[in-house]
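Let's take a friendly walk through this structure, one element at a time. Keep the 3D view open as you read.

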Amino acid sequence: MNYRVGIIGATGMVGQRFALLLENHPWFHVTCVAASARSAGKTYAQAVEGRWAFRDRPVPKAMADLIVMDAANVEAVAEKVDFVFCAVDMKKDEIRALEERYARAEVPVISNNSANRLTPDVPMLIPEINGDHAGIIQAQRKRLGTRVGFIAVKPNCSIQSYVPALWPLMGYGVEKVIACTYQAISGAGKTFETWPEMTDNVIPYISGEDEKSEQEPLKIYGHIEGDAIVNAAGPRISAQCLRVPVSDGHMAAVSVKFSQAPSIDDILIKWDRFKGATHGLDLPSAPKKFLHYFEDPARPQTRLDRDLEGGMAISIGRLRKDPVLSYKFVCLSHNTLRGAAGGGVLSAEYLCKMGYIPQKEA
C-alpha cells in the first residue's frame with residue numbers, strides 16, 4: 001500500500017504528532033501539510049519554529065521543506081492527496097463545514113476533532129471495538145453525494161482507557177459506570193512551558209469533558225440501523241474529568257455495576273484473551289496486545305506505562321471488589337497517541353485495509 005496523505009492543522013500539537021507518526025510509516029507518505037492562512041506559504045519548519053512541542057524529536061526531514069497550504073483551499077489540497085488527517089483548532093461549526101467540504105471534494109477525512117462525533121452517519125472508531133461501524137460510510141456517502149469522500153472520527157481522549165476495558169465485559173450486563181479521569185495537559189494542547197500554572201496544581205474542570213465522557217461511549221457501543229448509528233441504551237455513565245500536572249497520559253479510576261457479576265478471574269480472562277476487530281490484519285500501528293493487566297498494585301503508572309506498545313495499548317490494574325457497585329479498577333492510555341493522532345492513524349490503516357479508502361491515480 002502507498003497512500004498520499006495530507007495533515008490539515010499540521011502546525012498544532014496533534015498535527016505535529018501526526019507528522020512524527022507518519023515520518024516512517026510504511027503505507028502513508030505525507031505529500032501535503034495545511035494550516036491557517038497565517039502559516040500558508042511558509043515551509044513547515046518555519047511554520048512550527050518556536051512552537052514545536054517535542055524536544056526529543058526534530059521536525060521530520062521529509063516534511064520540513066513542504067510549503068504549508070491554506071487549509072481553506074480544499075480543491076488545491078485535494079489534488080495532492082488520497083486522504084487527510086484533520087486536527088484543526090476552530091469553532092465546531094467551522095470544523096464541521098470544513099470537513100464536509102473535503103469529503104464532498106472526494107477526500108476521505110480522518111478527524112481528530114469533536115465536531116462530527118455525534119453525527120449519526122459518521123463512524124466514531126476505536127477499531128478494535130467497533131470497526132464494523134465503518135459500514136455506515138455507504139449511507140454517509142449517499143447523503144453527501146460522494147463516491148469516495150467521507151468523514152470518520154476518533155473518540156474523545158478521556159474515554160480511551162476505560163471504554164476498551166469495559167467492552168469485553170459487556171456480556172455480564174454492565175449497568176452503571178462511575179469514572180473519574182485524571183487528564184494530562186497535552187490534552188489541552190499545552191506543555192509545562194506554555195502552561196506554568198499547572199505545575200503543582202489540579203483543575204477540577206475541563207469544559208464539556210464530563211458530557212463527552214458520558215455520551216460518546218454509547219455511540220461506540222451502539223449499532224448500525226438503517227442510515228444511522230444508534231446509541232446503545234446503556235450503561236449509565238457518570239464521569240468527572242480533572243486536569244492534572246502530567247505531560248502525557250490519561251488515567252481513569254472506574255467503578256462498575258454488573259447485572260450478572262463475574263468473578264475476578266472471569267474478568268482477567270476476558271481482558272487477557274480479547275483480540276478485537278484489528279486482529280490478524282497486520283496493521284502497522286495496532287498493538288500486538290491491546291489490553292494489558294498489571295498484577296502489581298502500584299501499576300499502571302503514567303510515566304512507566306503510557307508508552308506501552310508505542311502508546312497504543314491500554315494498561316489496567318487494581319481490579320478489586322467495590323463496596324457500593326460490583327468492581328473497581330484503574331486504567332491508563334496515552335492521550336496524544338492512542339487518544340489522538342495514533343488512534344487516527346490506526347483508524348486510517350483499518351479503513352484502507354478494509355477497502356474504504358482507495359488510492360487515487362497521481
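Bear in mind as you look that the model is predicted.

Who are the neighbours of strand 14? Strand 11 (residues 250-258) pairs with strand 14 in the antiparallel sense, over seven bridges. To find this pairing on your screen, look for Ala253, whose bridge partner in strand 14 is Val330. Strand 13 (residues 314-321) also runs antiparallel to strand 14, and here the pairing has five bridges. Strands 13 and 14 are joined by a hairpin of five residues.

Now zoom in on Ser315, which lies in strand 13 and stands opposite Leu332 in strand 14. Is Ser315 buried or exposed? Its relative accessibility is 0%, so Ser315 counts as buried; the cut-off for buried is under 20%. Leaving aside residues up to four places away in sequence, Ser315 touches Val330, Cys331 and Leu332, and also His292, Phe294, Pro300, Asp305 and Leu308.

Finally, turn to helix 1, which spans residues 13-22 and is mostly covered too, with nine of its 10 residues buried. The buried ones are Met13, Val14, Gly15, Gln16, Arg17, Phe18, Ala19, Leu20 and Leu22. What covers them? Among the elements that do so are strand 1 (3-8), strand 2 (28-35) and strand 4 (83-86), together with helix 2 (44-48), helix 3 (61-64) and helix 13 (337-353).

Notes:
Residues are numbered from 1 along each chain as its sequence is written. This is a predicted model: local features need pLDDT of at least 70, side-chain atom pairs count only at pLDDT 80 or more; totals for chains, interfaces and linings use all residues. Side-chain values use heavy atoms; hydrogens and water are left out. Two strands pair if DSSP finds at least two bridges between them. Helices (H or I, at least four residues) and strands (E, at least two) are DSSP runs, numbered from the N terminus. Buried means under 20% relative accessible area, exposed over 50%, partly exposed in between (1.4 Å probe, protein chains only). Contact means heavy atoms within 4.5 Å.
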